[in-house]
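Subject: Structure handover

Hello,

Here is the structure I promised to pass on. Please open it first, then read my notes below.

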Amino acid sequence: MLIFAASDKGGTGRSVTSANLAYHRALAGDDVCYLDFDFGSPTAVAVFDVADAREATEERGLHAYLIGEVSEPERIDVWARTEHQVLRDPPPGCGRLVLMPGDVSGGEFATTDDNLRRCVDLLMKLYYEFDLVVVDLSAGRSYAVDMALEATAQPEMSEVTARWLVFHRWTRQHVAAAASLVFGRRGIVAGGVDRGHDEEALRGAIRFVRAAVPDPESPLWSQVSPTQSAWMRKTDGDLKQLASTAGIGYSQVLGSVPLEPVLQWREQLITDEDVLDSQIANQETWQALSRLAARLTDDKYWEEA
Amino acid sequence: MAAALGQSARSVLACGEVRTCLLPSFQALDGRAAAQLLRLRADDHVRVSERPTMYALSPEVLTGVDCRLPTSNGSKVRAVGTVVARAALTEGRLLQSTAYFSVPAAGPDIRRPWGQYLVRPGLVEPFGKLPQQATAEGVLRGAGRGELDLGTIAEGLLTALRRHALLDRRVPFKSRPTHLRWVARRQPEGERASLTNFTVAEGGLRTMELRLPQDVPAAAAAGLCEDLALHDWLLTTVQQMLDNSRIGATDGPSVVEALHPVVVHLLHLWMPRAHVDPALGHLWDVLEEKPGFSRQWEKLSRRIRDRLALQAVTTPHQALSPR
């Protein structure tokens with residue numbers, strides 16, 4: 001299965017969250033490949049903590065592959081190459097976790113026939129090899145999004161299940177922007193239909209992930225004043241109303257990730273060690289990520305709403 | 001002049017790379033479909049043999065090259081000639097592509113007309129003297145940018161085949177392709193071929209070093225390497241499936257489900273040296289001795305059968321009876 005991770009704007013935690021999802025699936029035994037299609041600002045190397053391995057593979061990344069400079073994009077075996085202490089010792093029985101990094105110097109580029117051809121070839125090859133392929137796309141209505149839509153519309157990819165996650169923060173502007181990214185006049189659905197996707201099927205393959213959501217009921221906010229608390233509840237309710245009106249209400253949401261300082265500031269994978277031993281990350285975050293990861297392939301969450 | 005050319009054409013080194021993967025088709029292909037898939041050229045036939053295993057070998061296609069040879073010591077040797085590529089399909093299930101070439105000890109310092117390279121398919125001539133050791137090591141290590149990259153040629157052919165309209169692009173299970181790089185040093189005619197090194201590296205890479213008598217064609221070495229790569233892929237893939245947690249730790253129907261593809265698609269594929277040139281068949285003995293390819297395969301298949309038998313014993317009768 002292919003998972004495309006898109007977001008309306010930067011700063012939604014798209015990269016770090018989707019990397020965490022890949023990590024959770026690998027822990028559960030799946031062979032997972034993570035592709036950094038965030039051309040121009042690749043972050044996955046930092047998230048997986050593989051900077052040294054990246055040095056060695058400089059300029060042989062996905063960008064160089066797609067424009068035809070190298071015949072195969074570099075792969076980094078995360079378990080073997082990471083400098084992260086906990087990740088170095090994955091539990092027995094976990095699946096492979098492979099990162100295909102982007103190129104630091106690679107900016108956006110047009111979707112030419114050759115680039116598209118190579119993109120389809122790569123996605124098909126990885127589909128034959130991995131249980132789950134996570135593709136992190138640049139924010140907004142980018143070339144990366146265009147290429148993903150175009151590639152998945154090709155007849156040879158018709159057998160491949162592709163699903164889309166749209167990450168957005170839990171604010172008025174982000175909710176509106178996410179809705180417009182998907183359903184807007186130049187949105188993902190319209191762009192997909194233009195390229196030959198079936199509208200119903202494409203809509204059914206898109207779910208939203210609410211990121212950095214403060215939970216008014218969380219013990220974190222138990223010390224705030226009653227007025228603050230009431231305001232938070234009210235605003236949360238208003239946002240839910242707004243999301244629902246914008247067509248990205250409850251039935252379209254795959255899950256939400258709580259506001260988590262470790263995700264926000266460290267931008268790295270959250271390991272069980274962060275939760276259990278050093279306790280810098282919240283148990284709820286771990287559970288939310290784990291739930292989300294499981295739902296990626298749970299058809300119950302992807303039925304027509 | 002002709003004699004001089006003939007002399008320089010005598011190769012001292014043959015190098016190749018084999019890529020092995022599962023054919024992306026839900027059903028294994030039969031002989032006819034295999035021939036259709038591997039018809040890389042209109043003017044040449046696909047060789048299909050049905051015994052002892054169904055094996056189809058494509059005609060050879062040439063890729064013209066004019067670039068640096070990969071070298072381990074950084075010496076820059078330009079070379080011109082043609083690389084041979086071919087594909088094979090075993091039991092309609094395992095797809096392989098190979099790219100290989102031979103190099104003479106030395107070549108002229110100027111580029112000759114193409115026609116002269118084309119009459120010696122699979123020969124790449126260096127400008128000047130060939131740094132033999134460095135080139136062999138360079139090929140095994142893998143090509144850098146701008147160097148003759150056998151992997152690119154082999155992968156290109158594989159990609160084109162996987163795109164073929166005949167295939168439904170559905171794999172019965174997920175598996176990882178492997179690639180095997182090999183170099184064969186030439187030795188005087190009449191001496192026995194030998195296998196000097198076989199290593200399993202990370203990332204699905206294997207490397208192999210051979211000694212090959214002058215009278216054995218490079219194509220025969222390519223055939224041997226394909227055979228070894230195929231069986232190494234089988235061992236690697238089945239071992240990986242067994243190591244998977246969902247088989248190791250769990251019980252119940254999920255074990256049957258996980259092992260099902262191995263039994264249906266892979267167990268019957270083991271048939272070492274079935275299509276290897278008789279002059280090279282004995283090289284298999286080395287690998288049978290140590291690490292013991294067939295021994296390991298027997299162990300794996302026994303483990304799978306035992307696992308399934310155990311599952312059948314513990315499964316209540318009603319679960320086994322037809323619904």
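Two strands count as paired if DSSP finds at least two bridges between them. By that rule, β7(A) and strand β8 (residues 253-258) of chain A are paired: four bridges link them, in the parallel sense. Please keep in mind that this is a predicted model.

Start with β7 in chain A. This strand spans residues 206-213, and eight of its eight residues are buried. So β7(A) is mostly covered.

β7(A) also pairs with strand β6 (residues 162-169) of chain A. Six bridges join β6(A) to β7(A), and the two run parallel.

Which residue of β7(A) stands opposite A:Val166? It is A:Phe208. A:Phe208 has a bridge partner in β8(A) too, namely A:Val253. From β7(A), the chain passes through helix α11 (residues 226-245) of chain A to reach β8(A). This β-α-β crossover is right-handed.

Now the contact between the chains. How many residues does each chain bring to the contact? Chain A brings 14 residues and chain B brings 22. On the side of chain B that touches chain A, the elements giving two or more residues are α5 (150-162) and α7 (245-248) of chain B. Of the elements there, α5(B) gives the most, with five residues.

What is the make-up of that side of chain B? Its residues divide into nine charged, eight polar and five nonpolar.

To find your way in, go to A:Phe208: look for A:Val166 opposite, then for A:Val253 in β8(A).

Best wishes

Technical notes
Residues are numbered from 1 along each chain as its sequence is written. Chains are lettered from A and ligands numbered from 1 in the order in which they are written. This is a predicted model: local features need pLDDT of at least 70, side-chain atom pairs count only at pLDDT 80 or more; totals for chains, interfaces and linings use all residues. A residue is buried if 20 or more other C-beta atoms lie within 10 Å of its own, exposed if 12 or fewer, and partly exposed in between; C-beta atoms are placed from the backbone. A crossover is right-handed if, with the strands pointing away from the viewer, the path from the first strand over the helix to the second runs clockwise. Two residues are in contact if their C-beta atoms, placed from the backbone, lie within 7 Å. Ala, Val, Leu, Ile, Met, Phe, Trp, Tyr, Cys and Pro count as nonpolar, Asp, Glu, Lys and Arg as charged, and the others, Gly among them, as polar.
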